[in-house]
Amino acid sequence: SINSVVFSPKGQMIASASGDHTVRLWEASTGNFLRALSGHADSINSVAFSPDGQTIASASSDHTVRLWKVSTGEIIWTVSGHSKPVNLVAFSPDGQTVVSASEDNYVKFWTVSSGKLYQTLYELSSFNSFAINADGQTIAFGRSWDNAVKVLDVSTGKLLQAFTGHSGLVNSVSFSPDGQTVASGSKDGSIKIWEVSTGNLLRTLSGHSDSVNSV
């Protein structure tokens with residue numbers, strides 16, 4: 001299975017993460033295979049490019065997060081602070097932090113330069129997705145047990161907003177580029193647009209006949 005796929009920031013490469021325990025890099029314009037990043041001991045569930053495109057972070061069911069050098073495929077560091085499969089990974093907008101989310105219900109923040117854990121944000125009940133605002137100050141989570149979207153302050157872990165209205169679990173969340181709104185896609189077949197500052201529901205986009213898995 002291919003569990004995650006992303007373009008590099010300049011669009012020249014594609015990285016894919018697979019159940020075969022590898023991340024593979026491809027040339028976007030030709031489809032040529034460039035290299036495989038090997039080292040994980042279980043399925044790789046999520047992959048992300050750094051903002052400068054020089055490194056890749058990967059999250060795996062082997063409970064680890066790895067940072068790789070794009071040019072060579074070399075492992076820069078491996079961290080194993082989670083106690084269950086790690087399903088989501090992302091870079092902060094400034095590229096200085098890797099954020100990981102696990103089935104152990106913890107979100108952890110790792111320093112890119114050293115792999116050192118410097119913050120455990122919050123103990124969360126089951127969630128399926130997260131997104132970091134462009135300013136790096138807030139993080140949104142799509143949750144499965146209460147069908148809600150939660151927005152937290154990154155530095156304090158304080159709950160800023162709770163968006164409720166979906167009738168099915170929230171599969172995907174995304175901030176708008178200006179950070180003023182959040183979009184959420186749900187198993188209920190809808191996409192909802194929320195105003196971050198007030199928590200108001202701005203509109204509901206309907207038309208899908210089944211679960212919305214990515215937004």
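**Charged pairs, strands and a loop**

Mentor: Start with E74, which is partly exposed at 42% relative accessibility. Keep in mind that this is a predicted model.

Trainee: Which residue does E74 form a salt bridge with?

Mentor: K69. The closest N and O atoms of that pair are 3.7 Å apart.

Trainee: And K69, what's its relative accessibility?

Mentor: K69 comes out at 34%, so it counts as partly exposed.

Trainee: How many salt bridges does the count come to?

Mentor: Two. The other pair to look at is R24 with D20, where the closest N and O atoms are 3.9 Å apart.

Trainee: Why would side chains like that pair?

Mentor: Opposite charges can pair when the charged atoms come close.

Trainee: How accessible is D20?

Mentor: D20 has a relative accessible area of 40%, so it is partly exposed. R24 is at 28% and also counts as partly exposed.

Trainee: Switching to sheets. What's the strand order in the open sheet of four strands?

Mentor: The order is β13-β14-β15-β16, and the pairing is antiparallel.

Trainee: Which are the edge strands?

Mentor: β13, residues 127-132, and β16, residues 159-163. Each of them pairs on one side only.

Trainee: How much are neighbouring strands turned against each other?

Mentor: By 20° on average, with direction ignored.

Trainee: How many bridges do β13 and β14 pair over?

Mentor: Five, in the antiparallel sense. β14 covers residues 138-143. For a landmark, take A131: its bridge partner in β14 is A140.

Trainee: Last topic, S61. Where does it lie?

Mentor: In the loop between β6, residues 55-60, and β7, residues 65-69.

Trainee: Is S61 buried or exposed?

Mentor: Buried. The relative accessible area of S61 is 17%, and the cut-off for buried is under 20%.

Trainee: What is S61 in contact with, leaving aside its neighbours within four places in sequence?

Mentor: S61 is in contact with D42, S43 and N45, and also with P85 and V86.

Note on methods. Residues are numbered from 1 along each chain as its sequence is written. This is a predicted model: local features need pLDDT of at least 70, side-chain atom pairs count only at pLDDT 80 or more; totals for chains, interfaces and linings use all residues. Side-chain values use heavy atoms; hydrogens and water are left out. A salt bridge is a side-chain nitrogen of Lys or Arg within 4 Å of a carboxyl oxygen of Asp or Glu. Buried means under 20% relative accessible area, exposed over 50%, partly exposed in between (1.4 Å probe, protein chains only). Two strands pair if DSSP finds at least two bridges between them. Helices (H or I, at least four residues) and strands (E, at least two) are DSSP runs, numbered from the N terminus. Axes are lines fitted to C-alpha atoms, for helices over the stretch in contact, and angles run from 0 to 180 degrees between N-to-C directions. Contact means heavy atoms within 4.5 Å.
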